[in-house]
Amino acid sequence: MMRLFLPIRVLTLPAAWLLLGAAPAAAQMYAPGSGDAVPPEQLYEVCAFCHGPGGQGSERLDAPALAGMEAWYVERQLHNFRDRVRGMHPEDLTGLQMSIVSGMARNDATIRALSEYIADMEPGAALETLNGEPVTTGRPYIWHSEYADFSSPEPGNAERGAQAYITCGVCHGPNGEGNEALASPRLTDLQDWYQARQLQYFRDGIRGRSAGDIFGAQMSAMSQTLTDQTIADLIAYIDTL
Ligand code: HEC
Ligand code: HEC
């Protein structure tokens with residue numbers, strides 16, 4: 001497969017401008033402070049470019065599955081990206097893409113409507129591109145970062161992961177179902193590659209350390225002692241839930 005050897009910094013910005021140019025015309029009509037929401041099904045067309053038409057995610061574009069996420073969690077993340085609380089660390093090349101796009105959700109009402117729309121999506125839709133073609137995991141570009149790929153000394157071991165998960169379960173629930181009262185999202189519908197990256201991001205201070213990121217800070221504190229092997233074990237276990 002042909003690959004473009006371009007750093008993502010170069011590629012991301014023009015790609016995002018193209019996307020913004022392709023935004024539904026309706027987005028222009030809603031002032032940032034207004035209480036009117038852009039119809040979520042219209043705005044989601046832009047999200048689908050990376051997250052898939054059924055919210056199934058795309059490893060190739062580093063965009064996680066959204067189907068299966070709770071509305072309150074999606075809403076918080078969209079605020080965090082828009083308000084530059086998430087996605088601003090210089091090493092956070094994936095978060096930066098999302099941060100740029102999040103400007104399209106111009107007002108809080110739009111963010112809320114979009115979050116509720118996403119929460120209604122059924123997890124597990126087939127992975128396919130917008131043209132209905134099967135998805136490959138090959139990246140259209142190489143991004144130069146230690147976070148572009150994850151590997152652990154040994155393959156993940158679910159039994160060891162179950163032990164390590166005991167602490168996680170206090171917040172995320174014994175079955176990874178999430179707990180809104182503790183602000184902790186569901187983990188069971190997240191793809192392994194996305195989880196691995198987020199756990200590294202939290203551990204290494206790439207996510208969760210910005211001023212104002214109260215919830216990310218909790219998770220960052222919880223991940224300080226994780227080794228790459230423990231991350232792999234945890235993910236192997238979470239996959240069984
Ligand atoms: C240019 C590609 C792209 C587009 C378009 C895009 N996203 Fe994303 N999105 C990403 C990437 C990449 C990430 C992963 C960021 C990371 O690794 O931290 C992400 C992350 C997210 C997250 C955080 C998920 C989590 O588990 O914390 C949410 C929510 C989200 N996107 C919603 C949206 C919505 C809603 C839209 C449409 C308005 C959208 N995205 C458009 C690429 C995109
Ligand atoms: C003190 C409570 C707490 C504990 C314990 C905890 N987490 Fe979290 N976790 C959170 C919160 C809160 C968030 C949401 C952060 C945000 O809003 O950005 C989160 C986010 C995450 C995410 C990111 C989800 C996404 O969609 O991007 C993953 C993955 C995760 N936790 C896994 C774990 C694992 C694995 C453990 C055990 C090692 C763990 N957590 C322990 C509170 C906790």
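In which loop does asparagine 175 lie? Asparagine 175 is found in the loop between helix 6 and helix 7. This is a predicted model, in which local features need pLDDT of at least 70 and side-chain atom pairs count only at pLDDT 80 or more, while totals for chains, interfaces and linings use all residues. Residues are numbered from 1 along each chain as its sequence is written, and chains are lettered from A and ligands numbered from 1 in the order in which they are written.

**Figure 1. Overall fold.** The protein has 9 helices and 0 strands, taken as DSSP runs numbered from the N terminus (helices: H or I, at least four residues; strands: E, at least two). Along the sequence the pattern reads α-α-α-α-α-α-α-α-α. Of the 241 residues, 35% are buried; a residue is buried if 20 or more other C-beta atoms lie within 10 Å of its own, exposed if 12 or fewer, and partly exposed in between, with C-beta atoms placed from the backbone. Among contacts (C-beta atoms, placed from the backbone, within 7 Å) between residues at least 6 apart in sequence, 69% join residues at least 24 apart.

Figure 2. Asparagine 175 is exposed because its count of other C-beta atoms within 10 Å is 12.

**Figure 3. The largest nonpolar core.** A nonpolar core is a set of buried Ala, Val, Leu, Ile, Met, Phe, Trp, Tyr and Cys residues joined through C-beta atoms within 7 Å. The largest one has 37 residues, and Leu114 and Ile118 have the most contacts inside it. Two or more residues each come from helix 2 (40-51), helix 3 (71-82), helix 4 (93-102), helix 5 (108-119), helix 6 (158-172), helix 7 (192-203) and helix 9 (228-238). Helix 9 supplies the largest share of this core, 6 residues. At least three residues are drawn from each of domain 1 (8-119) and domain 2 (158-238), with bounds from an automatic or database domain assignment. Leaving out residues up to four places away in sequence, isoleucine 118 touches Gly55, Leu66, Met69 and Val74.

**Figure 4. Surroundings of ligand 1.** The shell holds 24 residues, of which Cys47, Cys50, Ala63, Thr94 and Met98 are the closest; a residue is near a molecule if its C-beta atom, placed from the backbone, lies within 6 Å of it. Helix 2, helix 3 and helix 4 each give two or more residues, and helix 2 has the largest share, 6 residues. By class, the shell has 17 nonpolar, 5 polar and 2 charged residues (nonpolar: Ala, Val, Leu, Ile, Met, Phe, Trp, Tyr, Cys and Pro; charged: Asp, Glu, Lys and Arg; polar: the others, Gly among them).

Figure 5. Cys168, Cys171, Phe215, Gly216 and Met219 come nearest among the 21 residues around ligand 2. Helix 6, helix 7 and helix 8 (214-222) each contribute two or more residues to the shell. The shell has 13 nonpolar, 7 polar and 1 charged residues.

**Figure 6. Helix 3 and its end.** Buried residues of helix 3 include Val74, Leu78 and Phe81, and their cover includes helix 4, helix 5 and helix 8. Just after helix 3, arginine 84 takes a positive phi of about 60°.

Key:
Two residues are in contact if their C-beta atoms, placed from the backbone, lie within 7 Å.
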